Amino acid sequence: MAPDVRWGVVGTMDEPAPLILAWVAHHLNLGAAEAHVYLDRPNPAAEAALRDLPGCFVTACDEAYWAANARRQRPLRHTARQKFNATDVYRNRPLDWVLQVDADEFLDPMGDLAAELAALEARTVRVRNVERVRRGGGGDIFAGSFRGVTDDAALTAAIHGRWADFLDAGMAGYHDGKDIVRTGEAFTMGVHFPLDAATGQRHGDPYVELQSARILHFDGLTPLHVALKLLKRANEPAYKVPRKFGRQRERQFRYVVNHVSKPVQLAKMLDGVFGLTADQARTLGPAHVERRFDPRPALAAQGLQADLSVEAFDAELRTREAVLIEKTGLQL
């Protein structure tokens, strides 16, 4: 008999509807008891498609939502909104474990997740991540393979040349995973790990790594999506305490800002940093993972339909992000 473990996922999202639907369908099909979507901006298509889906809970984070909760107003930082919403699920839903993952992150099973969670005594468990790399043109928004951490700086330099400094441990985004957290503990949810509710600091629990699953991080589904993601961060409001980004992210920000109206140069960076050729993939060796991710069966199983083509996704992006595109002069 399968262990009676209720785990759930939560994400605060501002993405085209097909990605949100794929995220929900995949995690419910994987065995999540609940999938919570907090819409950071209105998304009527996603709301309509998910309204009656069992196990899915959609919350529109509009002015009324923020006025009615303890914050009284919408936090400026998107990370603060993520933490607040994830903590709401953590504290108030009938779940045993909660994982906060973004719309471009998908839990990938490599064993019996429920059985491992049932056997664990830890309060918080690290789920390692791998990062999608595009492998040339064609395919849908999930096409490509994945790469993991490599501490061989010489290998990274040999593979990526001038773009090596745009990577950290061989990856463009984060490389230290995220925690799935046992409920009922004195925690608030963070973006990557829980915080001690009394101090607001990172928990001090012993490190425990999950063996039965990893996170597939797409870090932008198309080149346009990546460019817009980087531009959003580069154009965030100034804060008294600036957000801390890795040096590789800072380099990515600067390059996109400096080449925003130079599509040829911008495309070269996006290919060089977020993609791999066949030869580069072979040279990367064990850090390269040939994994084809396809959420279509999960979508069908949940009675959902979504156009996962690059063309449809980018068309919706250009509509949703028209203000940012005009403001920055992005050409891609």
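Predicted model: local features only at pLDDT ≥ 70, side-chain atom pairs only at ≥ 80, totals over all residues.
Student: Which residues of helix α12 are the buried ones?

Tutor: For α12, which spans residues 310-320, the buried residues are F313, D314, L317 and R320. Because these four cover an arc of only 125 degrees around the axis, they are placed on the same side of α12.

Student: Which exposed residues does the face turned away from the buried side of α12 carry?

Tutor: That face carries E311 and T319, both of them exposed.

Student: Which residues have the most contacts inside the largest nonpolar core?

Tutor: The core in question has 75 residues, and those with the most contacts inside it are W23, V24, L117, F142, M269 and L330.

Student: Taking M269 and leaving aside its neighbours within four places in sequence, what is it in contact with?

Tutor: With that exclusion, M269 is in contact with W163, F166, L230, Q252, Y255, V256 and F274.

Student: Where is L330 found, and is L330 buried or exposed?

Tutor: L330 is found in the segment after α13. The cut-off for a buried residue is under 20% relative accessible area, so L330, at 9% relative accessibility, counts as buried. Not counting residues up to four places away in sequence, L330 touches L224, A227, L228, L231, V260, L266 and I325. As for D4, which is 326 residues away from L330 along the chain, the C-alpha atoms of the two are separated by 50 Å.

Student: How should I read a pocket, and what volume does the second largest pocket have?

Tutor: The general idea is that rolling a probe the size of a water molecule over the atoms shows where empty space is left. In this structure the second largest pocket has a volume of about 300 Å³. It is lined by 23 residues, of which R134, R135, G136, G137 and D271 are the closest to its centre. The largest share of that lining, three residues, comes from helix α9, residues 263-274. By residue class, the lining divides into eight nonpolar, ten polar and five charged residues.

Student: Is R126 buried or exposed, and what is it in contact with beyond its neighbours within four places in sequence?

Tutor: R126, found in strand β6 (residues 124-127), has a relative accessible area of 5% and is therefore buried. Leaving those neighbours aside, R126 is in contact with D176, G177, K178, D179, H192, F193, R202, Y207, V208, E209 and L210.

Student: What are the phi values of R72 and D219, and where does each residue lie?

Tutor: Phi of R72 is near 70 degrees, and phi of D219 is near 45 degrees; each is a positive value in a residue other than glycine. R72 lies in the loop between α3 (63-68) and α4 (78-92), and D219 lies in the loop between β12 (213-217) and α7.

Student: Which of the two terms, buried or exposed, applies to R72, and which to D219?

Tutor: R72 counts as exposed, at 59% relative accessibility, whereas D219 is buried, with a relative accessible area of 1%.

Methods
Residues numbered from 1 in each chain as written. Heavy atoms only, no water. Buried < 20%, exposed > 50% of the residue type's maximum accessible area, 1.4 Å probe, protein only. Helix = DSSP H or I, 4+ residues; strand = E, 2+ residues; numbered from the N terminus. Arc of directions from axis to C-beta. Core = buried A, V, L, I, M, F, W, Y, C linked by side-chain atoms within 4.5 Å. Contact = heavy atoms within 4.5 Å. 1 Å grid on protein atoms, 1.4 Å probe; cavity = no way out; pocket = protein on both sides within 12 Å on 5 of 7 lines; lining within 4 Å. Points joined across faces, edges and corners; volume = space filled by probe spheres on them. Nonpolar A, V, L, I, M, F, W, Y, C, P; charged D, E, K, R; others polar.
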